[in-house]
Amino acid sequence: MKQADREAIESGIPGLELMRRAGRAVADLAEKLASAGGKIVVAAGPGQNGGDGFVAAALLAERSYQVSLGLLGSSDRLTGDAAEAAKGWIGEVGRAEDLRFYEADIVIDALFGTGLTRDLEARARIAVERMNASGRPILAVDLPSGIDGETGEVRGVAVKAARTVTFAARKPCHLLMPGRAYCGPVEVADIGISRKTLEARGGALFANGSALWTHVLPRPGLSSHKYERGHTLVASGGATRTGAARLAARAALRIGSGLVTVASPPEALGVNAAHLTAIMLRGCDGPEGLNTILQDPRFNALVLGPALGIHAGTRAMVAVAVHARRSLVLDADALTSFEGLASELHGAFRHAPTVLTPHDGEFSRLFKGHPDLLDPASKLERARRAAAFTGAVLVIKGADTVVAAPDGRAGINENGTPYLATAGSGDTLCGLIAGLMAQGVPAFEAACAGVWIHAEAGASFGPGLIAEDLAEAVPGVLRELLR
Ligand SMILES: NC(=O)C1=CN([C@@H]2O[C@H](COP(=O)(O)OP(=O)(O)OC[C@H]3O[C@@H](n4cnc5c(N)ncnc54)[C@H](OP(=O)(O)O)[C@@H]3O)[C@@H](O)[C@H]2O)[C@@H](O)CC1
Ligand SMILES: Nc1ncnc2c1ncn2[C@@H]1O[C@H](COP(=O)(O)OP(=O)(O)O)[C@@H](O)[C@H]1O
Ligand SMILES: [K+]
C-alpha cells in the first residue's frame, strides 16, 4: 500500500488529497451509523492514520455532529500530511486516553493503521482498553488499532471494531485471524488509487474467490467419457479406520472425478465394500500394493493421509506416489508421519502437482526444527515459505485457510463457517481438491476452488452440519458456479 500510495502521488494526486478522500470516506460511513447531530468521539494517533481522523472529525463537525477529538502524543509531533490535516480541525485537542468514549454514539478509531511497528504500551494501550470497555460502536480507520496490518496479529491489545473502512484494497489483516474477528464488516473506499497500480503492487495475493479459478472449473464436453474426467485413488486406513477415505472418495466423485477408487488394506476390504456403491474398491497392501495399482496410468490423482496411520509404511506410500508423478493430495497422517523429517520433503514435490493440507497443528509438527518456516508471525508467510521449500501448494486450514503456491501466489479464504469444524471435514476437502486435479485443474487453482467450494457447501448447510453432508451440498454450489 505504501508503494501504491507513492505511485498515486507521483501520478498527480497529492498525498493530502488521498488523506482527505480517506477521511471523507470515514466521515460518510460514520454519518450512516450515527443519528443526526449525535456525539462522535475521535481518537487520533501520531501518524497518518491520525491524519485521516482529523479530516473525518472536521467534516463531521461541519455536518453538525458534536465531535470531540483526542490525540495520542502532542500536536507538534505530527508530521507530513497529518500535520496539514490537523490544521483543518479547529476544535479542542484533548488526550486520546482521556476521551469520554462511553458518551459517544460512534467512536472513530484513528490511532494506528498500517504503520504499527511494535506492541501497544502505556497510553496507547490505555486508550484502546478504554475504547473497548465503553461498549460503544467503534468505526476503525483502515484497520483496528493494535492489529498488525500484515499478519493480523494482536500487538498486545487491539480495538474491537464494529465496522472498518479501509482504502483502495483490503490488507492481509482484514482476512487473517485473529485480525478479521476485530474488524467487523469491512468497507473498501476508493480514494483514487488506480486498479492498475493496485494489481501491480498487490502482486500475487488474493482473497480466495471464484474469479481466481472459475475459468478452469471442469465442464464436461458433449462427448466426454468418464476416463476423460479423471480417476481418483484414495488410500484407506485399516479395518477400524476406513471412514476418512470414503469421505474423501465421495467428495472426489461429487466434484466430478469420472471414477473414484478406494485402495484398501486387505483386512479392510469387507468393511469398505459394505459401504461403497458408485465408488470402486481395490485391495492394496502397503507401498508395494500402491505401486502395483499405479502401473495403470489412468489413476491420475491420489489422496494419501486420512486415517492411514503414522508410521514408516505411510512414508513409503508417499514415496511411491511421488515417484509415480501423479497429482497428489497429502493430509493428516501422511504429513504427521514426516514429523522431524521435513528435510526429506525439501523440493520433493517439484515434479508433479501436489497439495499439502495441514491444519496449524499438523503444520507445526511437520516442520518442527525448521524455524525459517515456523517462526513468521503471519500464516500467509508460513504457507508461502513452506510451499517454496517443498515445491507443493500449501493449504493451511482454519477459519482463515491460506492457499500458497511455490511461485508466491496466495489466496486467503473467507467464506467458511465454524460449523466446518467437525470430524471428517478435512477428509472431504482432500477429496474435493484431488477430484479437481483428476479433471486437470492445476494444483493452485484446484486447492483454491476446493477450499472455497468446501466452505460454501458448509455455509449453505449451516447448523447441524456433519462431514457426510458436505459432499451432498457440493452439487448445489457447483450449479451456481457453472451457471
Ligand atoms: N498517502 C498515504 O500514505 C495515505 C495513508 N493513509 C493512512 O495512513 C496510515 C498509515 O500511516 P503511517 O504510516 O503514518 O502509520 P500509522 O498507522 O499512522 O502509525 C505510525 C505512527 O504510530 C507510531 N507508532 C507505531 N507503533 C506504535 C506503538 N506500538 N505505540 C505507539 N506509537 C506507535 C509511529 O511512531 P514511531 O514508530 O515513529 O515511534 C508513527 O508515529 C494508513 O493506515 C492510512 O490510515 C490514508 O490517509 C491514505 C493515504
Ligand atoms: N472456525 C472455522 N471456520 C471456518 N472453517 C473452519 C473452521 N474450523 C475448521 N474449519 C475448516 O474445517 C476443516 C477441518 O479440517 P481438519 O482440521 O482436517 O478436520 P478433520 O481432521 O476432522 O477432517 C478445514 O477445512 C478447516 O478449514
Ligand atoms: K485505526
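Predicted model: local features only at pLDDT ≥ 70, side-chain atom pairs only at ≥ 80, totals over all residues.
Trainee: At what angle do H1 and H7 pack, and how far apart are their axes?

Mentor: H1 (residues 2–10) and H7 (residues 195–202) pack at about 150°, and their axes are 9 Å apart.

Trainee: Which residues make the contact?

Mentor: H1 gives Gln3, Ala4, Glu7 and Ala8, while H7 gives Thr197, Leu198 and Arg201. Two residues count as in contact if their C-beta atoms lie within 7 Å. By class, the contact has three nonpolar, two polar and two charged residues. Glu and Arg count as charged, and Glu7 and Arg201 belong to this contact.

Trainee: Why are E8 and E11 said to stand at the edges of the sheet?

Mentor: The sheet is open, has ten strands with mixed pairing, and runs in the order E8-E17-E16-E15-E14-E13-E12-E9-E10-E11. E8 (205–207) and E11 (280–283) each have a single partner strand, so one side of each is left without a neighbour in the sheet. From one strand to the next, the twist averages 20°.

Trainee: How do you know that E14 and E15 pair?

Mentor: Pairing needs at least two bridges between the strands. E14 (residues 354–356) and E15 (residues 393–396) are joined over two bridges, in the parallel sense, so the pair meets that cut-off. Leu356 stands opposite Leu394 in E15.

Trainee: Which helix packs on the sheet there, and which strands are touched?

Mentor: Helix H15 (residues 379–390) touches E14, E15, E16 (402–404) and E17 (410–412), and its direction makes about 150° with that of E15.

Trainee: What makes a residue part of the shell around ligand 1?

Mentor: Its C-beta atom must lie within 6 Å of the ligand. There are 27 residues around ligand 1, and Gly47, Gln48, Asn49, Gly113 and Gly115 come nearest. The largest share, five residues, comes from H3. The shell divides into eleven nonpolar, eleven polar and five charged residues.

Trainee: Which residues come nearest to ligand 2?

Mentor: Of the 17 residues around ligand 2, they are Lys397, Ala399, Gly416, Ala421 and Gly426. Helix H16 (residues 425–438) gives the largest share of that shell, four residues. Its classes are six nonpolar, nine polar and two charged.

Note on methods. Residues numbered from 1 in each chain as written. Chains lettered and ligands numbered in written order. Axes fitted to C-alpha atoms, helices over the stretch in contact; angles between N-to-C directions.
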